[in-house]
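Hi everyone, thanks for coming.

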Amino acid sequence: MLINAVNIPTSFVIIGFLYLILPIMTWIVLNGQRSSLVSLWCGGGLSIGSGLLLISLRGFVPDWATFLLANLLIFTGYLFRIQSLRLHLTLPSWPTRWMVFAFLMFIVVFESIHLGLGDALLRTEFVFLYNVVMNLMLSLLAWRIGRRYGSSNASFIFVTYLLGGLIMMLRLIALLKGEVQADVMVANIMTTQAGIIGLIGTIATHFGYIGMTMDHLVKNETKIKTDKLVALRQSQQVIAQLDRQRSLGALSASLGHEINQPLTAILANTQIAKRVINKEPVNSAQLQNLLDKIIHNTRRANLIIERIRSFIKPANMEMGIVKVGSLVRDTVLYIKEEAMIHHIAIVFDIDNGELLVKGDVIQLSQVLLNLFRNAIEVLKQNTPRRLTISVKHIENVIVTTISDTGSGLSEEALKRAGEAFYTTKADGLGLGLSISKSIIESHHGQLLISNNEEGGACFKICLPALYHQGKLELF
Amino acid sequence: MIAVVDDDPEIADALSTWMGILGFETTVHGSAEKLLAWLQSNGNKTSRRVKGDNVSSCPLKAAILDINLPGINGIELAHKLRKQYRDLPMVLITALRHDEVQSLGSLPLGVSFIRKPFDLDVLEGILFQSKD
């Protein structure tokens, strides 16, 4: 009954039309993602659809069209779809010359069977054979996609092509055994099953494909976003490191001078000690005193080395109690030499008393150093050359002001200063201030940038005072 | 009396001790301005006119001057001292590189500099070579 219910040519027409409509629909749904993968899939569908329609018109169109051309179209459609799924798996697509070769070989084999041997049964067997192979290949590729990307939609394609392949295989076996007729247009249980599965399968594969591509897309987008984030984070680290190294290069001269001071004292005291020891009677008290000085200066040298080391090492925040006044004075040591060479006067105005904040001493000194170095760069090109550094305890805030007598900042620079990659320096990266800003903000403070009334730029580092109203402020 | 000007008290102290061992008294200062002020108040006491010449007599036998000083730097100080005391042996000490010293200006005639850290014997040689 079922056999009679399904008219074979009709089902070919329906499936053929579905194969024309669904690829176009897929193409429209995946609008915006019309990559070569989708084009190959949809193009392949159109090709198969045309082939199926030509088969359904058997008897109405010339034999060459319903046999050779129809099968060529279907075969090419399969090749395109395989190509598409291979690309989904990021496998290399088959080279075009292979495709052309397969295409030509198909014609040769098909026509030699048809014209050469005149064997219609063998030709049908060949048609089923390539259908089995192509269906199983597509099903295998879809299975791999499903496994790799965890896409359940790919399993629609997998199941459909697997069933299609198996039914064709059974049909082929039956053909080989001589159990069924070669003509596909004659209804029997096999062609009927193939028709039904073809109908459902056609719809399933196309919806499966849309779903799979969407899954893939979403995953890809997420992956791209994650990759971008990771890359950004890495580049930020690299840039921070670069910036540190760049500053370090500029600082190394200063640090070199710095370390020579205790070394000079050590060398002098050692030489004096040698003289004292050679003089009878040995003044052991003086000798003791000299050795103490040598020890003290060795420790001093070691402290300087530690400072350099902590500057090179990308450190995590290590919060502690920071004496801002001393930190400012200590950090100025790094730029003292440079300031002197360029005749820049450094004026301090530091409040008495404890100017304490909670923070990372290394990060805060980096901020100070950055602001000092910026000021020196500007002052080099201006006169008068004065750098005023004040630290004030104003209400509950410790305000460190770094003010120069340079040319000040333009309106645009005032607006954009502190923005990453914005720089007015020819060789600048535009990161110093933005890094400084984020360091101060991570200390619950603020970095304010303005111009002085009398000219020159003014940077204010505002940090919450550690003790106020007699209570320890924790943040 | 030997003048030692260095803003690093550790170095100033070591140089002063060493001069003491050599049998000299020292006057130690942390800046050029302080030495100039000291000379102002101590120099006049010993200044005298020699055969109508306007050269002030120097209370110092020699001066060891650091270049990198707050305010007036060591080279400027050496120029000022040279103007006032033609024969005062001076030596500049510095942690600066050669080119950095040059960028600060030329040194007064007969004054050389040695880089930190230095050998005391070398410093002694330069400082007292004119006397030998």
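Take the contacts in chain A between residues at least 6 apart in sequence: 72% of them join residues at least 24 apart. Do keep in mind that what you see is a predicted model. Chain A has 475 residues, and 45% of them count as buried. Its secondary structure comes to 13 helices and nine strands. As for the accessible surface of chain A, that is about 24500 Å², with 63% belonging to carbon and sulfur atoms.

Now let's zoom in on one residue. Q261(A) sits in helix 8 of chain A, which covers residues 189-277. Is Q261(A) buried or exposed? With a relative accessible area of 13%, Q261(A) is buried, because the cut-off for buried is under 20%. Beyond its neighbours within four places in sequence, Q261(A) is in contact with R300(A) and with several residues of chain B, including D6(B), I11(B) and A95(B). Its side chain also makes a polar contact, at 2.9 Å, with the side chain of K116(B).

That brings us over to chain B. Here you can find an open sheet of five strands, paired in parallel, in the order 2-1-3-4-5. Strand 2 (26-29) and strand 5 (112-115) of chain B each have a single partner strand, so one side of each is left without a neighbour in the sheet. From one strand to the next, the twist averages 20°.

Further in, strand 1 (residues 2-5) and strand 3 (residues 62-66) of chain B run parallel and are joined by four bridges. Across that pairing, V4(B) stands opposite I64(B). Finally, helix 1 of chain B, residues 9-21, packs on the sheet, and its direction makes about 175° with that of strand 2 of chain B.

Terms used:
Residues numbered from 1 in each chain as written. Chains lettered and ligands numbered in written order. Predicted model: local features only at pLDDT ≥ 70, side-chain atom pairs only at ≥ 80, totals over all residues. Heavy atoms only, no water. Helix = DSSP H or I, 4+ residues; strand = E, 2+ residues; numbered from the N terminus. Buried < 20%, exposed > 50% of the residue type's maximum accessible area, 1.4 Å probe, protein only. Contact = heavy atoms within 4.5 Å. Areas by Shrake-Rupley, 256 points an atom, 1.4 Å probe, with all protein chains shown as cover. Polar contact = N/O pair within 3.5 Å; in protein donor to acceptor, adjacent residues only side chain to side chain. Pairing = 2+ DSSP bridges. Axes fitted to C-alpha atoms, helices over the stretch in contact; angles between N-to-C directions.
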